[in-house]
Amino acid sequence: PLAIEHYQLLLQHYPNRADWWLGLAVSEERQANKEAALQAYRQAIAKPGLTQNVSDYARQRIKILQGF
C-alpha cells in the first residue's frame with residue numbers, strides 16, 4: 001500500500017520523526033502487518049515529539065497487538 005511506502009521513504013531520510021513512525025504503525029496495522037506495526041509503534045514512542053495522549057494511544061495499541 002502506498003501509505004506504507006511513503007512513510008518508509010520519509011523515514012529513510014528523517015528517522016527521528018515520531019509522528020511519521022506513528023503513521024507507519026497505523027498503516028501497517030490497517031494492513032494486518034502485526035509485527036511491522038508493533039515495531040513502528042515502538043519506534044514512535046522511543047522518539048521525542050509525540051504528545052502524551054498520542055504516546056498513550058501508541059502504548060495502548062502495542063498492548064492490544066501483543067494480546068494484553
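Predicted model: local features only at pLDDT ≥ 70, side-chain atom pairs only at ≥ 80, totals over all residues.
With a relative accessible area of 14%, S27 is buried. Setting aside residues up to four places away in sequence, S27 touches A3, I4 and Y7.

Helix α1 covers residues 2–13 and helix α2 residues 18–30. Their axes are 9 Å apart, and the helices pack at an angle of about 155 degrees. An angle over 145 degrees counts as roughly antiparallel, so α1 is roughly antiparallel to α2. The crossing of α1 past α2 is left-handed.

## The α2/α3 packing

Helix α2 also packs against α3, with axes that come within 8 Å and cross at roughly 160 degrees. The two helices are therefore roughly antiparallel to each other, and α2 passes α3 in a left-handed crossing. From α2, the residues that make the contact are A18, W21, L22, L24, A25, V26, E28 and E29. From α3, they are A36, A37, A40, Y41, Q43 and A44.

## E28

E28 is placed in helix α2. Which residues does E28 touch, not counting those up to four places away in sequence? They are I4, Q8, N33, A36 and A37.

Is E28 buried or exposed? Its relative accessibility is 6%, and the limit for buried is under 20%, so E28 counts as buried. E28 and S55 are 27 residues apart in sequence, and their C-alpha atoms are 17 Å apart in space.

A44 is found in helix α3 and is buried, with a relative accessible area of 0%. Beyond its neighbours within four places in sequence, A44 is in contact with A18, W21, L22 and L50. A44 and D19 are 25 residues apart in sequence, with a C-alpha to C-alpha distance of 6.7 Å.

S55 has its place in helix α4. Its relative accessible area is 10%, and S55 is buried. Leaving aside neighbours within four places in sequence, S55 is in contact with I45 and L50; L50 is also a contact of A44. S55 and D19 are 36 residues apart in sequence and 10.0 Å apart in space, C-alpha to C-alpha.

## Aromatic pairs

A pair of aromatic rings is described by the distance of the centres and the angle of the planes. Rings pair if their centres lie within 6.5 Å, and planes over 60 degrees apart count as edge-to-face. By this rule there are two aromatic pairs. Y14 and W20 have ring centres 5.7 Å apart and ring planes at 75 degrees, so this pair is edge-to-face. W20 is buried, with a relative accessible area of 18%. The ring of W20 also has the charged end of R17 sitting over it, 4.0 Å from its centre.

In the pair of Y41 and Y57, the ring centres are 6.5 Å apart and the planes are at 70 degrees, so this pair is edge-to-face as well. Y41 lies in helix α3 (residues 34–46) and Y57 in helix α4 (residues 52–66), so the pair ties together parts that are 16 residues apart in sequence. Y41 counts as buried at 0% relative accessibility, whereas Y57 counts as partly exposed at 35%.

## R61

R61 lies in helix α4. R61 is buried, with a relative accessible area of 18%. Not counting residues up to four places away in sequence, R61 touches E29 and Y41.

Definitions and conventions. Residues numbered from 1 in each chain as written. Heavy atoms only, no water. Phe/Tyr/Trp six-rings, centres within 6.5 Å; stacked < 30°, edge-to-face > 60°. Buried < 20%, exposed > 50% of the residue type's maximum accessible area, 1.4 Å probe, protein only. Helix = DSSP H or I, 4+ residues; strand = E, 2+ residues; numbered from the N terminus. Lys NZ or Arg CZ within 6 Å of the ring centre and 35° of its normal. Axes fitted to C-alpha atoms, helices over the stretch in contact; angles between N-to-C directions. Parallel < 35°, antiparallel > 145°, perpendicular 65-115°, else oblique. Left-handed = near helix turned anticlockwise from the far one by under 90°. Contact = heavy atoms within 4.5 Å.
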